[in-house]
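These are my notebook entries on a structure that was new to me. I set down what I looked up, in the order in which I looked.

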Amino acid sequence: LTGPLLARYGKVVFPAPGGCTIGKRPIDLFIKAYEKMGAAVEYKDDAYVMTAQKLKGAEIFFDIQTVTGTETIMMAAVLAEGTTVLKNCAMEPEISSLAEYLVSCGARIQGAGTSTITIQGGGLLESKQPYITIPDRIETGSFVVLGALLAKKLRIEKCDPSLLESVLSLLTTSGVRMNIGKDYIEILESKDLKSFNVRTHEYPGIPTDVQPQLVTYLTQCIGEGIVFETIFEGRFKFVDNLKKMGAHIEILNNREITTTSPTPLAASTLETYDLRGEFSAVAAGLLAEDATVVQLA
C-alpha cells in the first residue's frame with residue numbers, strides 16, 4: 001500500500017509490519033528504493049513516516065529478490081516523474097498479473113516477469129475492468145500435498161498447474177499419481193512414495209511457502225530426505241510439532257533438516273506460529289489416529 005499512497009498523496013505513515021513468525025522481515029529494500037526516488041524517511045513514535053513532494057524515476061537494484069518490494073516500487077513508479085528501472089526483480093507470476101492489469105489501466109510497464117522492469121511514469125490510471133486474482137499456487141500446492149497423503153481421489157479445480165511445475169515435478173518423481181489439465185489437477189491414490197531432497201528457491205523454484213507441507217509429506221515417504229531453506233531462517237519452528245508426533249527429523253541448523261521415514265504419527269496437542277506451519281500441523285493431525293488439537297502459539 002505504501003507505494004501508491006506515497007506517489008499519489010506525498011506522505012504515508014505506517015507501523016513496523018508484522019506477519020508470520022518465520023524469520024526476519026526487514027523493509028530496508030523498500031526504504032532504499034523510496035529514498036532513491038526522492039522520498040524522506042523517518043522512524044519516530046513507533047512508526048515510519050515517508051514524505052515526497054514528487055517521486056522521481058530512478059535506477060534501483062534490489063540486493064535480494066523481493067516479491068512485495070518489486071510490486072510496491074513498480075506501483076509507485078507508475079505515478080513518478082520520469083523513468084524507473086528496477087533490476088534483480090522477483091519473477092513470480094503475481095507480479096506479471098499485477099503489471100498486466102496496470103497496463104490495461106494506462107500504465108507503461110515493460111519487462112514484468114523478467115529480472116528487469118522498466119516503468120514510464122505518468123498520470124493517474126483509469127480502471128476499465130475488474131482485477132481478477134490469479135489462482136493461488138500456494139493453496140493449490142497445499143491441497144496437492146494433502147491429496148497425495150490422504151486421498152483415494154482428489155480433484156482440484158479452477159487452479160493453474162503451470163504456476164506450480166516445480167512442486168508437481170517433485171511429487172511425480174516421488175511416485176504421486178496425478179492427471180494434470182489446463183485448469184485442474186487430479187490426485188490418485190499412491191503407494192510406496194519415495195523421499196527426495198528439497199531446496200526452496202525464488203520462482204520458478206520450490207516456493208518457501210510450500211516447504212512445511214512438503215516436510216509433512218516426507219514423514220510418510222520411504223528413505224532419507226534433505227530440506228534446505230534459502231529464504232527464511234526461522235521457517236523450521238513447525239518441525240517441533242512433527243517430532244512431538246514421532247517423526248524422525250534432525251535439525252542440522254536453522255537452514256537445513258534431514259528426514260528419515262516413513263514414520264507413523266501419533267495424535268498430540270500442537271502449537272503453531274505461522275500459516276504454512278499450521279497447514280503442516282493439520283495435515284499431520286489427519287494422518288494420525290485419534291484427535292489432534294492445533295492451536296496458535
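Predicted model: local features only at pLDDT ≥ 70, side-chain atom pairs only at ≥ 80, totals over all residues.

Residues are numbered from 1 along each chain as its sequence is written, and side-chain values use heavy atoms, with hydrogens and water left out.

**Entry 1: the largest pocket**

Rolling a probe the size of a water molecule over the atoms shows where empty space is left. I took a pocket to be an open set of points, on a 1 Å grid over the protein atoms alone, where a 1.4 Å probe fits, with protein on both sides within 12 Å along at least five of seven lines; lining residues have an atom within 4 Å of a point. A volume is the space filled by probe spheres set on the points, which are joined across faces, edges and corners.

What volume does the largest pocket have? I found about 1,600 Å³. Its lining holds 50 residues, and Arg 25, Thr 66, Val 67, Thr 68 and Phe 232 lie nearest the centre. I then listed the elements that give two or more residues to this lining: β1 (11-15), α2 (28-36), α3 (67-78), α4 (93-104), α5 (137-150) and α9. Helices (H or I, at least four residues) and strands (E, at least two) are DSSP runs, numbered from the N terminus. Helix α3 gives the largest share, five residues. By class, the lining of the largest pocket has 26 nonpolar, 11 polar and 13 charged residues.

**Entry 2: the second largest pocket**

I next turned to the second largest pocket, which holds about 300 Å³ of space. It is lined by 14 residues, with Pro 4, Val 78, Leu 79, Leu 102 and Leu 125 nearest its centre. Helices α1 (2-9), α3 and α4 each give two or more residues to this lining. Which element gives the largest share of it? I found that α1 does, with four residues. The lining divides into 12 nonpolar residues, one polar and one charged.

Two packed helices are described by the angle between their axes and the distance between the axes. Axes are lines fitted to C-alpha atoms, for helices over the stretch in contact, and angles run from 0 to 180 degrees between N-to-C directions.

For α3 and α4 I read an angle of about 15° and axes 10 Å apart. The two helices are therefore roughly parallel to each other, a term for angles under 35 degrees. The crossing of α3 and α4 is right-handed, that is, the near helix is turned clockwise from the far one by less than a right angle. In this contact (heavy atoms within 4.5 Å), Val 67, Thr 70, Glu 71, Met 74, Met 75 and Val 78 of α3 meet Glu 94, Ile 95, Leu 98, Ala 99 and Leu 102 of α4. These residues divide into eight nonpolar, one polar and two charged.

**Entry 3: the partners of α9**

The axes of α5 and α9 come within 10 Å and cross at roughly 15°, which makes α5 roughly parallel to α9. Their crossing is right-handed. The residues that meet α9 from α5 include Phe 143 and Leu 146, and those on the α9 side include Phe 279 and Leu 287. By class, this contact has nine nonpolar, one polar and one charged residues.

Helix α7 (residues 211-218) packs with α9 (residues 275-287) at an angle of about 25°, with axes 8 Å apart. From this, α7 and α9 are therefore roughly parallel. On the α7 side the contact is made by Pro 212, Gln 213 and Thr 216, and on the α9 side the residues include Arg 276, Phe 279 and Ala 283. I counted five nonpolar, four polar and one charged in this contact.

**Entry 4: backbone details**

Where does Pro 204 lie? I located it in the loop between β11 (198-199) and α7. A cis peptide bond joins Tyr 203 to Pro 204, with omega about 15°. A cis peptide bond also joins Ser 261 and Pro 262, with omega about 10°; Pro 262 is in the loop between β14 (256-261) and β15 (269-272).

Note on methods
Parallel < 35°, antiparallel > 145°, perpendicular 65-115°, else oblique. Nonpolar A, V, L, I, M, F, W, Y, C, P; charged D, E, K, R; others polar.
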